[in-house]
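Work through the two exercises below with the sequence and the 3D view at hand. Try each task before reading its solution.

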Amino acid sequence: MGLPTPLYDLKDFPDVYEPSEDSHLFLDALEADQESILARSPKLACEIGSGSGILITGLAQLLKNSCAYFSTDINFSACRATAKTALINNSYVESVAMDLLGMFRSPFDVILFNPPYVVTESDEIMGRGLDRAYAGGCGGREIIDKFLATLPSMLSENGVCYLLLLKENNVEDIKEKIRGLGLKGRMVLERKIPGEHLFVFKYFR
Amino acid sequence: MKLLTHNMLTSKCIRGVSVGYPLIINATEVKVNQTLFNSEFVSKLIPKVDWPVLYNAAESIGHSEDLPKEAPNDFEQNEEFLKKAHRALVEIEVISGNLVCPESGRKFPISNGIPNMLLNEDEF
Ligand SMILES: C[S@@+](CC[C@H](N)C(=O)[O-])C[C@H]1O[C@@H](n2cnc3c(N)ncnc32)[C@H](O)[C@@H]1O
């Protein structure tokens, strides 16, 4: 079954990341892996950095009311946009403004993250606006690495995390890191678009 | 913010806070939204929920209604209980107000149903 791209309307939210090639690759990865997601019968799912909210809403369209959906973003407009996108698609997402998953005490069964992955200067990771959708700092890895360090404690026993990466993030090095955290990893999809070679990986125990 | 979400949030990462749980709810607007009941889903959720925290949260905003103080042992087969749990977990919604850290008193405003739990750099 195809996973339709959720509808969205960002006209009231000019400072929210407009779904782009990376977002669509992510949706395609969820679609390609849907049997495996369904087989885990997740109950709690969260998207970090949900922006417009199309990824978590896409997941909600797949799993319907067998699961509860959450999202976080450091951009409060993005949190509002996500709640709205869910409603437009007859879904429901609990949106909370926070850094990564830092204010949640319990693990999730599905974690989605299309992170700010662009290689920038560290001091470009500033404020809470649209720049934060891109700026990944050194190697594009600063937010990614901070996230990965918390992943083992935020992933439930049977949980799975989907993460989008750019070749320049040093995918091989991240593989090592994942092993070091005691997790397994597998590439779900990759795609070359002008100027970017993107991957979606999944991590699990 | 639904009470399921409240059940999962903590202010532990604030510097100097050791547990940060449960957060206090000061609600100025609460709504009850009927949603489709899925007994299988709710019964799988119960073991993940801190029941006394859920009960106290519902009571603190005037919505404990006929919610039991403890989850029964037979909850998986207890449809009547699961319906009450469903209502408390995902139908009651805090639209505006504050979440308050029980230790530091730090307030997290809730607006449009969305808690703002962003911290300043000097807070963690
Ligand atoms: C590349 S955009 C992805 C948006 C959307 N998920 C999509 O795929 O179209 C990255 C998002 O992460 C958010 N973000 C950046 N750093 C974050 C952090 N530390 N915690 C939570 N969200 C963050 C940004 O505000 C932005 O909305």
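A polar contact is a pair of N or O atoms within 3.5 Å; within protein, one must be able to donate a hydrogen and the other to accept it, and residues adjacent in sequence count only if both atoms are side-chain atoms. The model is predicted: local features need pLDDT of at least 70, side-chain atom pairs count only at pLDDT 80 or more, and totals for chains, interfaces and linings use all residues. Residues are numbered from 1 along each chain as its sequence is written, chains are lettered from A and ligands numbered from 1 in the order written, and side-chain values use heavy atoms, without hydrogens and water.

**Exercise 1.** Find polar side-chain atoms that lie 2.7 Å or 2.6 Å from an oxygen atom of the ligand.

Step 1. At 2.6 Å the residue is Asp73(A).
Step 2. At 2.7 Å the residue is Ser23(A).
Step 3. For the backbone, an N or O atom of Ser50(A) lies 3.4 Å from a ligand nitrogen atom.

**Exercise 2.** Describe strand E3 (residues 107-111) of chain B and its partners.

Step 1. Strands are DSSP runs of at least two residues (E), numbered from the N terminus, and two of them pair if DSSP finds at least two bridges between them.
Step 2. Two bridges join E3(B) to the antiparallel strand E4(B) (residues 114-115), where Pro115(B) stands opposite Ile110(B).
Step 3. Two residues lie between E3(B) and E4(B) in their hairpin, in which Asn112(B) takes a positive phi near 50°.

Notes: Buried means under 20% relative accessible area, exposed over 50%, partly exposed in between (1.4 Å probe, protein chains only). Helices (H or I, at least four residues) and strands (E, at least two) are DSSP runs, numbered from the N terminus.
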